[in-house]
Amino acid sequence: MKLEGKVVLITGASTGIGREAAIEFNRAGARVAIAARRKELLDELASHLRDPLVLKTDLADEKQARAMVDKTVKHFGRIDILINNAATSIVESSDRISRDDLLRAFTVNLLGPVSASQQAFVHMKKQGGGHMINVGTPGFMIGVPFYTPYACSKAAFSAWTRTVQGEWADAGITVSEYFPGYTETGAVAESAYGPIPMDLVMNRGKGFLARYFSGARNGNNVARDLVKLAKKPRHLMFSTFMERLAGFVANIPAIRIPVVKRMAATARKKMEGRHV
């Protein structure tokens, strides 16, 4: 499918993958709507795009999540592609994670995208079809330590994606699940112990899987994948063969659990003095 003139709404567009995706889709000729909480960052991004629609949106608010889609349709006349990319990451040990943090992660990482998708479904069904791309993570299959809220909410979002793939197919809507793997976006996880770098659980160079997991891609690599997926929709796409392999390994506890134990040990060492 050619992207020239297609309307693409991207959430989490202020930084990282979302920002790079907006630039790549704009370069491909799409009409882009960009959504995130921090309008100043969206405005800066907008200066690099061709007539974008800027949507200050907090996905934790259902009304804002739905309005974001309606405003896109009102502005451009339709919505062809919704990219559910925005997510929040909270770091805490599983024995101490609070109910409030879990609820916040599920609100942003699951309920927000679900509301946006439901609203997009209404418009896409009326126009005869559309495409949704849900950015997931193979991390929930591995069980990355200290990222319980992120992993659990993303697992639920993956279940949602796979459920609606069949339900919405007759409406001409393709729902894609994309697994980018470990991507260096510059994002900092939330934590009661202060800012947490993305490589918290990475122990570079210690064994085959550790070398794989510590080898981050960048946002631009992922953005190009998303453009490819939009041009040729499919239900499941891994960013590389290694992500697919990681998903397979995740089903072998004898391999997975020792790897995760090493990740946990690495995280504890890096967090010394922060009581993790």
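The model is predicted, so local features need pLDDT of at least 70 and side-chain atom pairs count only at pLDDT 80 or more, while totals for chains, interfaces and linings use all residues. Residues are numbered from 1 along each chain as its sequence is written, and side-chain values use heavy atoms, with hydrogens and water left out. Helices (H or I, at least four residues) and strands (E, at least two) are DSSP runs, numbered from the N terminus.

- Strand S1 (residues 7-11) is mostly covered, with five of its five residues buried, where buried means under 20% relative accessible area with a 1.4 Å probe and protein chains only.
- In a regular strand the side chains alternate between the two faces of the sheet.
- Val 7, Leu 9 and Thr 11 point one way from S1, whereas Val 8 and Ile 10 point the other way.
- S1 pairs with strand S2 (residues 31-36) in the parallel sense over five bridges, pairing being counted if DSSP finds at least two bridges between two strands.
- Within S2, Ile 34 is the bridge partner of Ile 10.
- S1 also pairs in the parallel sense with strand S4 (residues 81-84), over three bridges, and there Ile 83 stands opposite Ile 10.

**Helix H4**
- The 29 residues of helix H4 (residues 99-127) should span 42 Å at 1.5 Å a residue, and the end C-alpha atoms are 40 Å apart, which agrees; the expected span is 1.5 Å times one less than the number of residues.
- Just after H4, Gly 128 takes a positive phi of about 100°.

Methods. Buried < 20%, exposed > 50% of the residue type's maximum accessible area, 1.4 Å probe, protein only.
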